[in-house]
Amino acid sequence: MDQNDNRPLFRQAVFIGHVVEEAPPGTYVMTVEATDADDPETDNAALRYSILGPEMGDVFTIDELSGEIQTARAGFDREAIGIYNLTLQVADMSGEGLATTATAVIYVDDINDNPPEFTEKEFSMEAPENKQGVVIGRVLVQDKDLPGSPNWLAKFTILEGDPNGAFAIHTDPLTNDGVISLVKALNHEERDRFELLVSVQNQSPLELSAPKAARALTTVQVNVLDANEAPFFRENPWRGSVNEGAPPGTEITLYRASDPDTQQGQQLRYFQASDLASWLQVDPDSSLVQTRQTVPPRSTFPGGWYTLQILASDNGNPSLTATGTLSIEVLEVNDHAPLLLPVTSELCSQGGRLVLSATDDDLAPHAEPFHFRLSPDMAQNWTLGHINDTHALLQTEGEVDIGLHVLPLLISDSGTPPQVREQLLNVSVCACDKWGSCQAHVAAVVGAVAGLSFGALMIILSCTILLLLLALLVAALEHSRRQAFHKGLLGCSQDDLRDNIVNYNEQGGGEEDQDAYDLNQLRNPDLFPPPSLRSKPPHRRDAPYSYGLPQYPRRLPACPSDIEDFINEGLEAADSDPSVPPYDTALIYDYEGEGSAGGSLSSILSSLADEDQDYDYLNEWGPRFRRLAELYGQ
């Protein structure tokens, strides 16, 4: 016999079900199932289902035999209760035996039974000027339906106040706000305020049973801010003209810019953007473009045009600038008369012909064709014929005297008004050979000389005399400089002053004694008074301190050019004075100094004769007196 030794078991611990809002009673939700291992033919496997809780009234019912769960009443509202948790039980023995429990979770599905509503009746925003694609603000809505669902997501529409389509609104999917942005740039000067009427609704249709929204419409006030806008030139580029040769101060144009900021009352100033030609100037306040100098000829400009750029800057914060381009055409003016070429030529006396030409610095139509005319009194012997627009043919009419003929010619161009120049044509008429060449050129030479005026000859002569005077002046200065150089420190002596002293004092040490004397004293004796006038006489640099000074010092000459004579007199005095040895004569210049390795030359007994002197001690005076020791020692 089967015993009831197995509990019934639910197929799963948690059952999930759904029911929509406002579902009517008896709406099927789901079916739960359980099994029992006992004999199904007995009561041990007879299962019964029931709902144990929670105690929330009769919301759901379950069929005790099939386990089917249905709604028991209407009025499901997700916004009030969105989830129901039911405790289910299954028992065998027809509900009187062993039992097991499970959980049923029933979700209330949302329907669009709540319309979206604006949180404010009116919103205010500010929009920048001259910008597009920027967000200017948000409008806020609220909806009680399930966030993120089509029943919750809002859809916005601008109904009025935007005739040009400058604004756009879209939904933020995270916050469900309406985001307003600019599609087109706004102009504060054209319109500074907008009033938009905006509506809202859900993306999914609203249920018929849903209540009517209280704030489905709102008003958005948009103020357009006034931003500093750059000025602009209404005519850009500007094309104009000016005559070449126009005087300074000629007005070309008043190139003004316009400022869109009409309500700010800004001032504009004008500057040149590129290197401005020296003949132009721009007034920084009035933008008047005028000539500063005479306008150059048209030929100096490529194609006759000159292009410049002008900057117009306002005084806003920040300052903005506009660039304008001016193209100025320099018009050709007939300001040059034609010029005859050549002005001197030769012509045969019989049947001679001369081709004349002319040039003009002006351009067409103020240049060729040229018109050549002779003075009326010259028309008897000479004729002019037309060749082309720039050339004419001069011929003799009958017999013409050989020699120089000066023909006054009138040459005019085709400009308006025409320019006329009178020029003298020097024609040397000569006898020609059978080949048409002049046999003698004397007349031509005389004619060329005669063509020079008296003033020109005087200028040439004056320049020649001036050049000769300059050459004589340069030669005299060079001669004086050389004489001053030869009359130097030692007069006529061409030997080096240092060499004279060294050779004279070889008895005192030879070439090693070159540093013992201060040459500045020889060159500038006036700066160094004699020993008798000094507080402490100088000493030789190489002389011992214990030796005395010379006995008969003499005053140095005042003029440096007499130093050579002074030296020669000293030599002669030393040679003729028997009481002063000749080798001690150098001491009269007081250049011996102190601190020499050898004794002073003054220590030699000058009162004795040469044969009574003992010079052996010279070997003890050091290498500077080695030469003296060799000459006088034994």
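Which residue does a disulfide join to C348?

1. The partner is C432, with an S to S distance of 1.8 Å. A disulfide here is a pair of cysteine sulfur atoms within 2.5 Å, and a search of the whole structure finds one. The model is predicted: local features need pLDDT of at least 70, side-chain atom pairs count only at pLDDT 80 or more, and totals for chains, interfaces and linings use all residues. Residues are numbered from 1 along each chain as its sequence is written, and side-chain values use heavy atoms, with hydrogens and water left out.

2. The torsion about the S-S bond of C348 and C432 is about -100°, so the disulfide is left-handed. Because C348 lies in strand 27 (residues 344-348) and C432 in the loop between strand 33 (420-430) and helix 1 (442-450), the pair ties together parts that are 84 residues apart in sequence. Helices (H or I, at least four residues) and strands (E, at least two) are DSSP runs, numbered from the N terminus.

3. C348 is buried, at 14% relative accessible area, whereas C432 is partly exposed, at 21%. Buried means under 20% relative accessible area, exposed over 50%, and partly exposed in between (1.4 Å probe, protein chains only).

4. The buried residues of helix 5 are I563, F566, G570 and A574. Seen down the axis of helix 5, these buried residues fall within an arc of 70°, so they line one face of the helix; the arc is that of the directions from the helix axis to the C-beta atoms. The face turned away from the buried side of helix 5 carries the exposed residues E572, D575 and S576.
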